[in-house]
Amino acid sequence: MKKISETSRPAANKRWTEFNALYQIYPRSFMDTNGDGVGDLRGVIDKLDYLKGGENSLGVDAIWFSPFYPSPQADMGYDVSEYCDIDSLYGSLDDFKELVEKAHQRDIKVMVDFVPNHTSDQHAWFVESSSSRDNDKSDFYTWRDARADGSPPNNWLSIFGGSAWQWHEGRQQYYLHTFLKEQPDLNWDNPAVRQEMKCVLKFWLDLGVDGFRADAVRWISKDPELRDDPLAPHCRDEKSVKSFEDLQHKYSRFWENLFPYLRELTDVVASYENRIMIFEDYPDGNYSTKEQYLGFYGVNPEVSMPFNFEGLGAKFSAESLSTMVNEFQGMINPDVHTPVYCFSNHDQPRIATRFGGEEQARLIALMQLTLPGLPVVYYGDEIGMANAPIRFEEIQDKSVFSHGNDEAVGRDPERTPMQWDGAKNAGFSGAKPWLPVNPVSKKVNVAVQQHEPDSFLALYQRLLKLRDKYAILRMGEYEPLSDVGEDVFAYARWINKDQHVFVALNFSNEARRVNLPHSGNVLCATHPVDYPGISADGVVELRSFEGVLVECCEHRIAADY
Ligand code: NOJ
């Protein structure tokens with residue numbers, strides 16, 4: 001692993017910016033080796049060469065697994081029924097240990113998902129908790145009596161549709177579930193719950209994992225009085241409340257113990273060397289202010305930081321994306337805070353689908369991998385995978401049905417099997433895959449792109465190599481360039497004021513001319529063929545949807561800077 005000099009050694013939680021990117025693996029869909037149509041850990045072991053160190057590999061420094069714990073799979077593993085084991089669907093703990101060892105041999109960090117807000121309704125804790133009102137685990141979840149008319153205790157809503165309360169015949173009480181009814185919320189105000197969750201972290205840290213992605217954390221602290229959430233401004237009365245957006249989620253999440261509880265978790269993480277926790281959260285405007293969002297950075301700056309998910313909802317335009325990045329960079333303290341820019345994940349349509357196609361996705365790739373911090377790349381985005389068509393009878397994502405919306409397609413289209421080659425089932429599995437493979441996989445796949453010097457994959461490889469080689473791209477200062485013209489987003493990255501790179505991104509379907517502060521050499525361009533070059537006075541002619549990364553001639557960058 002490359003070293004950085006003492007003078008540029010970053011603040012503690014910025015150590016992770018020594019790594020070029022974090023690659024998200026959705027285990028169900030990465031690689032199936034036991035022929036059941038579902039991906040598994042041996043599949044990931046087999047593909048480590050692709051991730052780093054092999055011939056023509058992608059070259060990522062860190063991976064994060066979506067949940068692979070024992071689970072009835074009501075929410076594809078986000079309904080955990082045992083926190084300290086691996087679902088036999090994916091393999092065994094021994095497979096995982098081997099995976100961590102082999103990943104570390106390649107200098108790949110390994111992060112796992114941590115799901116603290118809820119368990120499966122089949123977790124032993126819930127089974128016991130629901131068995132009576134006075135068992136040892138009776139207070140592990142949020143149970144309440146019905147109101148006099150039999151209705152739920154308050155008006156809180158589930159994100160996946162309907163009331164957040166489910167009646168339990170056995171206990172003759174309601175229990176709270178922010179997500180599916182199969183995902184009861186843990187009661188974090190119970191110290192025994194917090195203690196158990198800290199033990200879970202220790203278990204995985206002792207196995208050698210480098211960090212956690214902490215799921216849905218904003219919900220772990222709720223108003224203990226369970227007051228009704230206020231109506232959203234567009235709603236007149238309770239009767240007009242139909243969906244999650246019709247309430248302001250003031251009392252059901254983000255309550256005052258959120259950060260202290262997270263601090264308890266990060267204290268465990270901090271007691272191990274060089275581990276991290278990334279919180280799933282984002283400034284959504286509905287209930288959390290920017291100050292509240294920044295609170296996530298404050299939890300434990302040594303080891304934790306939040307994702308930035310704004311890119312998941314951003315429009316494809318220079319104005320929207322530059323505003324998003326500039327405001328965010330202005331809001332954080334770049335010396336201490338690591339941005340974690342995300343443009344795609346297992347919950348949102350893929351980049352190539354959402355932003356309009358391959359050219360647009362290439363532009364986003366160049367942007368994401370030249371912004372500061374730790375970028376997160378969702379498996380398959382590196383080959384420009386798009387959402388796949390899923391027929392109604394093929395839908396696996398249960399959240400579709402609880403929404404009660406016939407139009408909903410759910411999250412399956414962005415979770416389809418990795419497209420490895422042009423063979424049957426895209427080389428993912430010998431059996432019928434759990435979700436259909438995208439029909440374009442004959443053309444869009446790793447094997448084809450590994451042999452094309454200008455492929456989508458080649459662009460990612462090039463950018464990751466540059467990010468690897470030049471610390472300026474990971475931890476350099478960020479400065480937006482002004483007066484670059486309509487539809488163009490441009491910025492400089494620099495270190496020590498004497499080393500600069502420039503990035504210019506054209507979001508228009510027409511050519512644009514951009515004046516950079518200096519001339520330079522093009523280190524990387526999004527378009528496959530012959531970049532026309534930069535004039536001696538720094539004028540760049542960008543073709544439609546073209547982006548370039550330029551090393552400034554006057555301030556050359558040195559490797560490791
Ligand atoms: C966020 C996860 O990304 C999503 O897939 C899941 O359904 C919810 N949290 C509930 O755990």
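Disulfides: the count here is zero, taking a disulfide as a pair of cysteine sulfur atoms within 2.5 Å. This is a predicted model, where local features need pLDDT of at least 70, side-chain atom pairs count only at pLDDT 80 or more, and totals for chains, interfaces and linings use all residues. Residues are numbered from 1 along each chain as its sequence is written, and side-chain values use heavy atoms, leaving out hydrogens and water.

C342 has 1% relative accessibility, so it counts as buried. C552 has 0%, so C552 is buried too. Buried means under 20% relative accessible area, with a 1.4 Å probe and protein chains only.

Next, a helix pair. How do α11 and α14 pack? Helix α11, residues 358–368, and helix α14, residues 456–469, have axes 10 Å apart at an angle of about 10°. Therefore α11 is roughly parallel to α14, the term for angles under 35 degrees. Axes are lines fitted to C-alpha atoms over the stretch in contact, and angles run from 0 to 180 degrees between N-to-C directions. Helices are DSSP runs of H or I, at least four residues; strands are E, at least two.

From α11, the contact uses E358, A361, R362, A365, L366 and Q368; from α14, F456, L459, Y460, L463 and R467. Contact means heavy atoms within 4.5 Å.

Last, L58. Where does L58 lie? It sits in the loop between α3 (48–51) and β2 (62–65). At 2% relative accessibility, L58 is buried. Setting aside residues up to four places away in sequence, L58 touches Y23, Y50, L51, E382, L457, Y460, Q461 and L464. Q450 is 392 residues away along the chain, yet the two C-alpha atoms are separated by 9.2 Å.

Methods:
Buried means under 20% relative accessible area, exposed over 50%, partly exposed in between (1.4 Å probe, protein chains only). Angles under 35 degrees count as roughly parallel, over 145 as roughly antiparallel, 65 to 115 as roughly perpendicular and the rest as oblique.
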